[in-house]
Amino acid sequence: MILTVCATKGGVGKTTVTANLGGFLADLGRKVLIIDADVQPTLSSYYILDGPPAENGLTHLIQAASADGAISRTGIRNLDLVYSDDPEGELQHWIARTPDGRFRIRRALDEIAPRYDFILIDTQGAVGGLQDAAILAADLLVSPITPEMLSAREFLRGTIQMLERLGDLRYLGFERPPLVGVLNRMDKTRDARDIADQIRDLASGHPEIDIRMARTVIPATVAYRKAASMQAPVHRIETKRRGGPTLSALETMARLARELGLAESPDTEIAQGGEPK
Ligand SMILES: Nc1ncnc2c1ncn2[C@@H]1O[C@H](COP(=O)(O)OP(=O)(O)OP(=O)(O)O)[C@@H](O)[C@H]1O
Ligand SMILES: [Mg+2]
């Protein structure tokens, strides 16, 4: 399954979700590839690499439509990475002037998809050919949304425009993948259900687009920043249930993975010894 984490807005938690879901699924024993399709290579350095980086990265994956020599191993067992190597943002232009540019990630992944249980693609919070290419490769889209209402509206406007624009590609056999919105960085002062309801209301005006809101909400906790600075998946950092209604990172990732259909019942698997290694 190929999952693309996208949002037309920056700073909402795309890299956090990609890195941590990827790390969680890898710790469950699944073979996972994370792809950094952002010019700012935050995901590329999220985890320490195991050995030297691969000779190639995202540019080769797209320009050669092949992942050959573009897969690096991370220090997390079962977790591989395609790093971003396009600091000047050249790929956006290259994709725009290449007739099948937006289909290149999909073609490259066709070849390696059988080797992985999950491929997770992180994108830049903007609109462009590279984002389109990541969306066109996906079976499922996940969009983190931060809880300010302005951001919820922006999310919907931006996302719907993005997906509607790609709708014409149905003549080329492309089916728009469903999108799941995930509230991220929720603090206790906000009512997650209220925000989710408002988004659902706004989305109901666009029945042609398959948008669902996840029930699992990612709380704002220091664990996410701490995990990033320790270069570790967050579920390894915060395993115990926290006091009060806020979910621990382990519970959050397990619920999110289950809700997205990525793992049957991760809670049980963890209890049965799929313990973080
Ligand atoms: N649930 C959370 N709780 C606390 N901090 C969080 C949470 N999620 C993300 N953050 C922090 O918010 C910041 C932005 O997150 P992140 O880099 O994942 O966003 P992004 O959407 O990938 O941003 P960009 O658009 O720049 O790529 C980071 O410092 C991250 O550690
Ligand atoms: Mg990012």
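## Helix α4 and its cover

In this predicted model, helix α4 (residues 104-112) has as its buried residues R104, I105, A108 and L109, where buried stands for 20 or more other C-beta atoms within 10 Å of the residue's own, exposed for 12 or fewer and partly exposed for values in between, with C-beta atoms placed from the backbone. Helices (H or I, at least four residues) and strands (E, at least two) are DSSP runs numbered from the N terminus. Viewed down the axis of α4, the buried residues fall within an arc of 125°, so they line one face of the helix; the arc is taken over the directions from the helix axis to the C-beta atoms. The cover over these buried residues includes β1 (2-5), α2, β5 (118-123) and α5 (129-136), with contact defined as C-beta atoms, placed from the backbone, within 7 Å.

Leaving aside residues up to four places away in sequence, V82 touches L33, I35, D36, G57, L58, L61, A67, A70 and I71.

## Surroundings of ligand 1

Ligand 1 is surrounded by 18 residues, of which G10, K14, T15, T16 and G125 are the closest; a residue counts here if its C-beta atom, placed from the backbone, lies within 6 Å. The elements giving two or more residues to this shell are α1 (14-27), β7 (179-186) and α8 (222-230).

A65 lies in the loop between α2 (58-63) and β3 (72-73) and is partly exposed, with 18 other C-beta atoms within 10 Å. R185 belongs to strand β7 and is buried, with 20 other C-beta atoms within 10 Å.

## Confidence and conventions

The protein chain has a mean pLDDT (the predictor's confidence in each residue, from 0 to 100) of 90, and 95% of its residues reach 70 or more. Over residues 271-277 the pLDDT is below 50, and this stretch has 10 contacts in the model beyond near neighbours in sequence. Where pLDDT is low, the predicted coordinates should not be read in detail.

Local features need pLDDT of at least 70 and side-chain atom pairs count only at 80 or more, whereas totals for chains, interfaces and linings use all residues. Residues are numbered from 1 along each chain as its sequence is written, while chains are lettered from A and ligands numbered from 1 in the order in which they are written.

Key. Contact = placed C-beta atoms within 7 Å.
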